[in-house]
Amino acid sequence: EPFVADEYIERLAWRTPGGGSRGGEAFDPKRLLEEFVNHIQELQVMDERIQRKVEKLEQQCQKEAKEFAKKVQELQKSNQVAFQHFQELDEHISYVATKVCHLGDQLEGVNTPRQRAVEAQKLMKYFNEFLDGELKSDVFTNSEKIKEAADIIQKLHLIAQELPFDSLMDFCCYPLSSPGKYHDLECQLIQEFTSAQRRGEISRMREVAAVLLHFKGYSHCVDVYIKQCQEGAYLRNDVFEDAAILCQRVNKQVGEVFSNPETVLAKLIQNIFEVKLQSYVKDQLEEHRKSDAEQYLKNLYDLYTRTTNLSSKLMEFNLGTDKQTFLSKLIKSIFISYLENYIEVEIGYLKSRSAMILQRYYDSKNHQKRSIGTGGIQDLKERIRQRTNLPLGPSIDTHGETFLSQEVVVNLLQETKQAFERCHRLSDPSDLPKNAFRIFSMLVEFLCTEHIDYALETGLAGIPSSDSKNANLYFLDVVHQANTIFHLFDKQFNDHLMPLISSSPKLSECLQKKKDIIEQMEVKLDMGIDTLNCMIGQMKHILAAEQKKTDFKPEDENNVLIQYTNACVKVCGYVRKQVEKIRNSMDGKNVDTVLMELGVRFHRLIYEHLQQYSYSCMGGMLAICDVAEYRKCAKDFKIALVLQLFDTLHALCNLLVVAPDNLKQVCSGEQLANLDKNILHSFVQLRVDYRSARLARHFS
């Protein structure tokens with residue numbers, strides 16, 4: 001541990017009797033001083049002893065350093081001597097090696113012509129046997145020496161090919177140049193290779209393939225190998241999986257047999273694609289090409305996907321320098337006739353399928369799609385009817401049907417989603433954005449125009465006039481479903497269309513088309529705001545039917561048992577239902593906009609309604625209770641302006657019951673001070689005691 005002087009002295013004092021307060025013992029400074037002096041002397045003695053030991057070790061170290069330096073010098077001298085000896089030995093070895101190489105060159109110069117002469121002598125011997133027409137040599141008669149015979153025949157064949165035809169006839173050696181013996185031997189080698197392949201003898205296959213490499217029939221040997229590899233390989237129902245397994249098996253074997261394994265494997269793959277796969281694809285597609293477009297497109301997508309997946313698996317093999325281009329050409333050769341007109345088949349199927357989905361839905365509703373007029377006299381009549389409430393002909397009765405179906409929408413989006421997936425897989429990269437846009441246009445036509453837009457038009461035409469009794473406002477249900485559907489449409493636009501067109505000029509075109517659709521629908525939804533007129537009309541009918549003049553001027557002022565009138569209860573119940581329906585039908589800022597408009601109209605209706613009656617003192621109290629209930633209902637709107645209007649109306653109703661002496665004070669209050677005096681006067685006039693001189697005098 002590190003030495004700390006303070007701690008050392010503390011421990012020494014603690015151990016010394018009388019050196020501290022331990023155990024109540026009295027402090028003895030003399031004893032402590034004596035102990036310190038003795039300890040210092042011991043330390044001095046110890047220091048001297050250690051110092052002598054250090055000096056001794058230093059002397060010993062210096063002595064050993066000198067001895068080591070001397071030994072190193074001796075070793076360096078020995079190393080120099082050894083290095084000189086090695087240099088001399090290296091020079092001697094180089095000299096000897098030069099002599100040996102020169103001697104070897106001389107021997108090779110003598111031996112090479114001799115070997116050539118021996119080979120020539122053997123060939124001449126075999127040549128004579130061919131001239132005599134009798135092959136007696138063991139190399140030709142022994143089937144086990146077919147490799148040596150093949151080498152000899154190959155050399156003699158090359159010699160015969162260099163001789164003129166006349167010379168061959170003169171020497172009667174025409175058989176050497178004819179296909180006879182050469183072809184026979186070639187056939188024997190191929191047969192031997194075939195037998196070895198069937199027996200699974202890789203070493204024998206490698207030997208025969210090496211011999212055939214110099215023969216013209218080498219390519220035929222490869223063809224035989226490829227053919228036999230595929231025998232019994234396609235036993236499953238999945239030809240693509242079988243092909244992948246076959247290529248994996250052959251890839252392990254081909255390098256052990258052939259000197260050019262990548263060429264042989266590439267030829268096997270080409271044979272699989274051009275023969276087996278092309279035949280399989282043709283059988284699967286031609287069956288449905290003209291009769292069943294849906295099944296044809298599904299099969300085309302499935303087959304193309306499985307083919308490209310197989311190609312991806314084959315990329316791990318060594319097929320030469322540009323295997324990507326090689327495999328792409330093979331895929332193109334199979335599918336080119338089907339991909340050329342793919343998009344036309346896709347659009348035709350999508351159009352017919354979408355039309356069938358819509359027609360099947362309308363048939364299930366026993367509905368015949370009609371043309372909803374949007375221009376000319378009919379448009380003018382509709383606008384006049386909605387703005388003036390004049391009965392210019394009955395509106396269309398939809399019997400509560402919105403003519404929007406989640407099932408239809410899901411089916412249309414599912415069909416389009418599959419079309420986008422097929423388009424992504426089957427389209428040429430240069431045509432992909434254009435084809436995707438055509439599919440998107442089909443979706444817009446059938447989902448947005450033929451379904452959503454038609455439902456909005458029908459809903460608009462079905463909005464009842466504001467004076468209709470017990471009118472059912474189904475247009476909000478249409479808005480709710482249309483809003484939900486458009487969210488699904490927008491999700492598919494972002495998830496499936498955008499990745500296909502994001503980096504092409506078609507992106508701006510699609511975005512503009514989508515923007516136009518939204519604006520067109522918003523215009524129709526804005527036109528549907530006249531549904532609020534129907535709501536106000538319903539409230540008017542309720543008030544007219546339920547509100548009685550005696551409600552606010554009861555015959556017996558002292559016997560009023562109700563807290564608010566029956567008309568108020570029914571109107572508030574109706575308004576709460578409509579507010580909830582609006583919140584469920586819309587989202588975002590649209591909810592606040594529509595609720596604000598409804599709230600303002602609701603306030604105007606109640607304001608005008610209250611001014612139709614005269615109020616006694618108890619009737620005024622009941623009117624205040626009604627307005628308080630209306631204000632509570634207005635809180636459900638969660639719109640500050642609407643709540644403020646009803647707060648002001650509630651303050652105005654206080655003028656119906658306040659004592660005449662307090663009228664001016666109430667009118668100058670915070671909520672009424674900024675109102676026009678005529679409005680205040682109009683409410684005071686509703687009091688039954690207004691004509692009394694006292695009240696008129698106080699308000700004047």
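Guide: One term before we start: a residue counts as buried under 20% relative accessible area, as exposed over 50%, and as partly exposed in between. Also, this is a predicted model.

Visitor: Is Arg 601 buried, exposed or partly exposed, and why?
Guide: Buried, because its relative accessibility is 17% and the cut-off is under 20%.

Visitor: What does Arg 601 form a salt bridge with?
Guide: Glu 597. The closest N and O atoms are 2.8 Å apart.

Visitor: Where do Glu 597 and Arg 601 lie?
Guide: Both are in helix α22, residues 589–610. They sit 4 residues apart, about one turn of the helix. Glu 597 is partly exposed, at 33% relative accessibility.

Visitor: Why can such side chains pair up?
Guide: Side chains of opposite charge can pair when their charged atoms come close.

Visitor: How many salt bridges does the structure hold?
Guide: It holds 22. One of them joins Lys 267 and Asp 223, with 3.0 Å between the closest N and O atoms. That pair links distant parts of the chain: Lys 267 is in helix α11 (residues 261–286), Asp 223 is in helix α9 (residues 218–229), and they are 44 residues apart.

Visitor: How accessible are Lys 267 and Asp 223?
Guide: Lys 267 is partly exposed at 32%. Asp 223 is partly exposed too, at 35%.

Visitor: What about Asp 453, which residue does it form a salt bridge with?
Guide: Lys 524, with the closest N and O atoms 3.2 Å apart. This pair also links distant parts of the chain, 71 residues apart: Asp 453 is in helix α17 (residues 432–461) and Lys 524 is in helix α19. Asp 453 is buried at 11% relative accessible area. Lys 524 is buried at 9%.

Visitor: Which residues are linked in a network of salt bridges?
Guide: Arg 576, Glu 629, Lys 632 and Asp 636.

Visitor: Now the whole protein. How many helices and strands?
Guide: There are 27 helices and 0 strands. Of the 700 residues, 37% are buried.

Visitor: And what does the accessible surface come to?
Guide: About 41,900 Å², with 52% belonging to carbon and sulfur atoms.

Terms used. Residues are numbered from 1 along each chain as its sequence is written. This is a predicted model: local features need pLDDT of at least 70, side-chain atom pairs count only at pLDDT 80 or more; totals for chains, interfaces and linings use all residues. Side-chain values use heavy atoms; hydrogens and water are left out. Helices (H or I, at least four residues) and strands (E, at least two) are DSSP runs, numbered from the N terminus. Buried means under 20% relative accessible area, exposed over 50%, partly exposed in between (1.4 Å probe, protein chains only). Accessible areas come from the Shrake-Rupley method with a 1.4 Å probe; for residues, only the protein chains shown count as cover. A salt bridge is a side-chain nitrogen of Lys or Arg within 4 Å of a carboxyl oxygen of Asp or Glu.
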